[in-house]
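This report describes the fold of a single chain, from its helices and sheet to its aromatic pairs.

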Amino acid sequence: MTGGSAADPLLGAVLEGRFRVERVLGEGGMGRVYVAEEIRLRRRCALKVLLPDAMADPVCVERFLREAQAIAQLRHDNIVAIYHLGDDPERGVVFFAMELLAGEDLEMRLIDRANRPIAWTDVVRWGAEIAGAMAAVHGARLIHRDLKPSNVFLIRRRDGREQIKLLDFGIARPVLQTAALTATNASIGTPHYMSPEQVLLEPIDHRTDIYSFGVVLFQALAGRLPFLGEPMQVALQHCNVEPPPLAAFVPEAPPELPALVMRMLAKAPVARPQSMDQIEAALRALLPGETTRARAASQPE
């Protein structure tokens, strides 16, 4: 979603004497994203700038800085790269620079499926790359906690293939944290993609992301979310209602695929696949010509 206006004081500004702000690319709850040029390197990049209202809130500032720090420690082809974390006291802004991506987020791709049909093999390819990126996140002892289609970006490579880039680590946390609360005592996350333990504010670990990923895969394959209704209704269904059988929506897919996704949506974390590496291997095993990695999904951790 685009945001900002011609009156935006940052348009045309040079931050830290290094980044010339060109135009608004989009806006989220805490930050606005701009296209900018890194002057000395003549490299175009994306600048995520904390919004003025959020600058006054120490919790928002902490989350913003934590996002930059989380991305900076991750090195993976399927995770957006960050170049620089900075602040410009003269203009009163905190920002970070990251690679500029051309393409669309997965949410928009799913919305447009009527015009561009999505095959189960497309979902499996995307899913394998997401799982690989999330394995790197978990390997760094972080939990994403907000995995959803709008935080997954599809870029077009030079060879014509689509490639996943994982975005938005604003609420990433170290593992074995309880579900964090906002000042209004509301749990952080998006209700349609939240795990039962996240909804119930129970202690969470990396398996909360596995559940959210299961919701994303279910939606991409079925063309609908597993649970429908108002946010509170959906949150309660995550805890108390079994999702509809995915196999009925994708009869053309090998049965191992819906079975894997349904295991990811198990209410109890112990009943889910226990690692993203395991999920990635299982997904790649379903693609013609792909080789599995360390283990198949059927093997226990």
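A residue is called buried when its relative accessible area is under 20%, exposed when over 50%, and partly exposed in between, using a 1.4 Å probe and protein chains only. Helices (H or I, at least four residues) and strands (E, at least two) are DSSP runs, numbered from the N terminus. The model is predicted: local features need pLDDT of at least 70, side-chain atom pairs count only at pLDDT 80 or more, and totals for chains, interfaces and linings use all residues. Residues are numbered from 1 along each chain as its sequence is written, and side-chain values use heavy atoms, with hydrogens and water left out.

**Overall composition**

The chain holds nine helices and 13 strands. It has 301 residues, of which 51% count as buried. Its accessible surface, from the Shrake-Rupley method with a 1.4 Å probe, comes to about 14,300 Å², and 53% of that belongs to carbon and sulfur atoms. A contact means heavy atoms within 4.5 Å. Of the contacts in the chain with a separation of 6 or more, 58% are between residues 24 or more positions apart.

Helix H8 spans residues 256–264, and its buried residues are Leu257, Pro258, Leu260, Val261 and Met264. These residues lie on the same side of H8 because they cover an arc of only 155 degrees around the axis; the arc is that of the directions from the helix axis to the C-beta atoms. The buried residues of H8 pack against helix H4 (120–139), helix H6 (207–222) and helix H9 (276–284).

H4 is itself mostly covered, with 16 of its 20 residues buried. From first C-alpha to last, H4 reaches 28 Å, close to the 28 Å expected at 1.5 Å a residue; the expected span is 1.5 Å times one less than the number of residues. Just after H4, Arg141 takes a positive phi of about 60 degrees.

**The six-stranded sheet**

Strands of a sheet pair through backbone hydrogen bonds, either parallel or antiparallel. Here two strands are said to pair if DSSP finds at least two bridges between them. An open sheet of six strands has the order S1-S2-S3-S4-S6-S5, with antiparallel pairing. Strand S1 (14–15) and S5 stand at the edges with a single partner strand each, so one side of each is left without a neighbour in the sheet.

| Strands | Bridges | Example of opposite residues |
|---|---|---|
| S3 (residues 31–38) and S4 (residues 43–50) | eight bridges | Val35 and Ala46 |
| S4 and S6 (residues 93–99) | five bridges | Lys48 and Phe96 |

S4 and S6 are both mostly covered: six of the eight residues of S4 are buried, and seven of the seven residues of S6 are buried.

**Aromatic pairs**

A pair of aromatic rings is described by the distance of the centres and the angle of the planes. Rings of Phe, Tyr and Trp (its six-membered ring) pair if their centres lie within 6.5 Å; planes under 30 degrees apart count as stacked, over 60 as edge-to-face and the rest as tilted. The structure holds three aromatic pairs. One of them is Phe64 with Phe96, whose ring centres are 5.2 Å apart and whose planes stand at 40 degrees, so the pair is tilted. Phe64 lies in helix H2 (residues 58–72) and Phe96 in strand S6, so this pair ties together parts that are 32 residues apart in sequence. Phe64 is buried, with a relative accessible area of 0%, and Phe96 counts as buried at 0% relative accessibility.

Phe218 and Phe249 form an edge-to-face pair, 6.0 Å centre to centre with 65 degrees between the planes. This pair links distant parts of the chain, 31 residues apart: Phe218 is in helix H6, and Phe249 is in the loop between helix H7 (231–240) and H8.
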